[in-house]
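Hi everyone, thanks for coming.

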Amino acid sequence: MKVLIADRISPIGVDLFKAEDGFDVVEAYGSSPEQILDLVKDVDAIAVRSDTKVTADVIAAAPKLKVVGRAGVGVDNIDIEAATDNGVIVMNTPTGNTIATAELTFTHLLAGTRPIVQACATMRDGGWGRKDYTGSELNQKTLGVLGMGRIGAEVAKRAQAFQMEVLAYDPYLTESRANNLGVKLATLDEVIEQADYITVHMPLTAETKHMLNADAFGRMKDGVRVFNCARGGIIEEAALIEALNSGKVAAAGLDVYEDEPPAEDSPLRSIKNLVLTPHLGASTKEAQENVGIDVAKQMIDTLKGGIVINALNMPSVDPKVLEKLAPYMTLGEKIGTFSQQLAPEGVEKVSIRYYGKMVELDTLPLTNAVQRGYLREISDNVNNVNAPKKIERLGIDCEEIKNRNHDEFNELIEVQVVCKGGKTRTIAGTLVGKNQLPRIVLIDGHGVEVNTDATLLVLKNKDVPGIVGFIGVTLGEDGCNIANMSLSRDKGEGFAVSVFELDTAPSEAAAKKITDHDAIEKYRVIKL
Ligand SMILES: NC(=O)C1=CN([C@@H]2O[C@H](COP(=O)(O)OP(=O)(O)OC[C@H]3O[C@@H](n4cnc5c(N)ncnc54)[C@H](O)[C@@H]3O)[C@@H](O)[C@H]2O)C=CC1
Ligand SMILES: O=C(O)C(=O)COP(=O)(O)O
């Protein structure tokens, strides 16, 4: 396993990689985008912070890449869509730098209240300036927090200790969580109009981009103070500069910028009542050790085929649950590939149904297994990460249905493929015996019992005498050994579904002979 450590992560984390047998660790900090393209060509994993950009080009240049680990929270430097398309797991370490960032935010709040940064600069210049640096107090002021997640909540706790009232705007925050935190849920407008201090703690998304813009500043209290230690772009920089210059905003603090680093001649750098830090939120010894250790452990587990946690583009599953699910996943994958081969064209919908006590388990990995199986014969490099997206790209609507009971079976995984015009094909399977062996038990509702590790010849034929003999002779002459067979007669319609388990697929000549037979309606060879 070759691991590229592209940004400076804690040596404790790097040592964890180095301690693994068979791991080759390359440390290359501050590489240019061109150097990164070259460095990744044979790597299995890349560990980054926020400096290295893992673009679609980087992912395309790394054919062996399995995982990108972010020692930190924000993954805006990683092209998750390109990673997902290529089956590459993207993971972050969401908790290790929460306190560090909350404390830096609070430092900014204090520095925006008592102008110690500016006063210190005067002292360094030989001045004294006592009359120039009268501050304000946090006590009894209202702090508006936009984004009450991990960091927002820690900032709120610290604000409460300073006797501030906290208003929170976060559409995903529940009333009970707000009550537990002792904060008041508010609308965005209420925060904008009522807060003395506003701090943002959200990811940068289409919704949060420029959430604080000229219009928002216009509606804020005169003398408001604003802070951004989350992501550049949540506050519109041009509007902030304007609001600071006009005196609408009394003071502000930024740790993050629309462009990082901001231009050397950026007007931000010369505004007196604006305190700037160079993206230092996570830069404490403690936070770096936390995220360095977390990212190394998570990536090592993933590379060694163990549990995957904190992945942003695939579900994390408890290893104990995974152990229980393993036989069902084998079955699901086989049913998935069977269903695709049975109805290879014009598919509009794949309906995956679970029956019996398995519905109590987390079925997401099962659905993933069915999808992986479905794509096996028609797509390259399929894994749990990219399977759902690949199916979506084929224009196939995938649904999951759970039902506690089935008329015939205690437990069943059934995949129904709906084709253009509403025609459906259905395959179902279950686990048999104490060894939980996977078996296909229904084909289009016809009862069969078929192993899942064979090549299958599936026929729909008129229920007339001599068919089994004819198939046996034809396959025998073709050198095709029959390991097992299963017949299901539908007397009402006069048809039978016959399934032959074969050691090898029939030749074209044998296939022609069989399909030419008057009584054979449908012929399919399925590779499980
Ligand atoms: N300056 C630095 O060095 C660091 C910056 N960060 C950044 O801080 C931010 C927050 O991090 P965490 O608290 O760990 O994340 P989190 O995921 O725990 O919290 C984010 C919160 O934002 C809320 N949110 C999402 N969209 C929203 C919207 N449209 N309006 C209002 N709220 C919305 C979510 O519901 C969530 O509660 C992230 O952008 C992260 O990248 C994190 C660590 C270090
Ligand atoms: O964790 C985050 O989101 C951060 O912004 C920290 O970035 P860094 O690891 O210090 O480059």
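Predicted model: local features only at pLDDT ≥ 70, side-chain atom pairs only at ≥ 80, totals over all residues.

Residues are numbered from 1 along each chain as its sequence is written, and chains are lettered from A and ligands numbered from 1 in the order in which they are written.

So, the domains. The protein chain is assigned domain 1 (2–93 + 287–303), domain 2 (98–276) and domain 3 (319–527); such bounds come from an automatic or database domain assignment. Taken over C-alpha atoms, the centres of domain 1 and domain 2 are 32 Å apart.

In the model, residues 107–281 are 32% helix and 17% strand, whereas residues 324–443 are 32% helix and 33% strand. Helices (H or I, at least four residues) and strands (E, at least two) are DSSP runs, numbered from the N terminus.

Now, where does ligand 1 lie? It lies between domain 1 and domain 2, because both give residues to its shell. There are 32 residues around ligand 1, and Gly 74, Gly 147, Gly 149, Ile 151 and Gly 281 come nearest; a residue counts as near if its C-beta atom, placed from the backbone, lies within 6 Å. Helix H5 (98–111) and helix H7 (150–161) are the elements that give two or more residues to this shell, and H7 has the largest share, with 3 residues. By class, the shell has 14 nonpolar, 13 polar and 5 charged residues. Here Ala, Val, Leu, Ile, Met, Phe, Trp, Tyr, Cys and Pro count as nonpolar, Asp, Glu, Lys and Arg as charged, and the others, Gly among them, as polar.

Next, ligand 2. The residues around it include Arg 49, Ser 50, Asn 97, His 279 and Ser 283. The shell of ligand 2 divides into 2 nonpolar, 7 polar and 1 charged.

Let's move to the helix pair. The axes of helix H13 (residues 319–342) and helix H14 (residues 364–375) come within 7 Å and cross at roughly 30°. Those axes are lines fitted to C-alpha atoms over the stretch in contact, and angles run from 0 to 180 degrees between N-to-C directions.

Finally, two local details. Most residues other than glycine have a negative phi, and most peptide bonds are trans. Gln 163, in the loop between H7 and strand E7 (165–169), has a positive phi near 60°. Glu 260 and Pro 261 are joined by a cis peptide bond, with omega about -10°. Pro 261 sits in the loop between strand E11 (249–254) and strand E12 (274–276).
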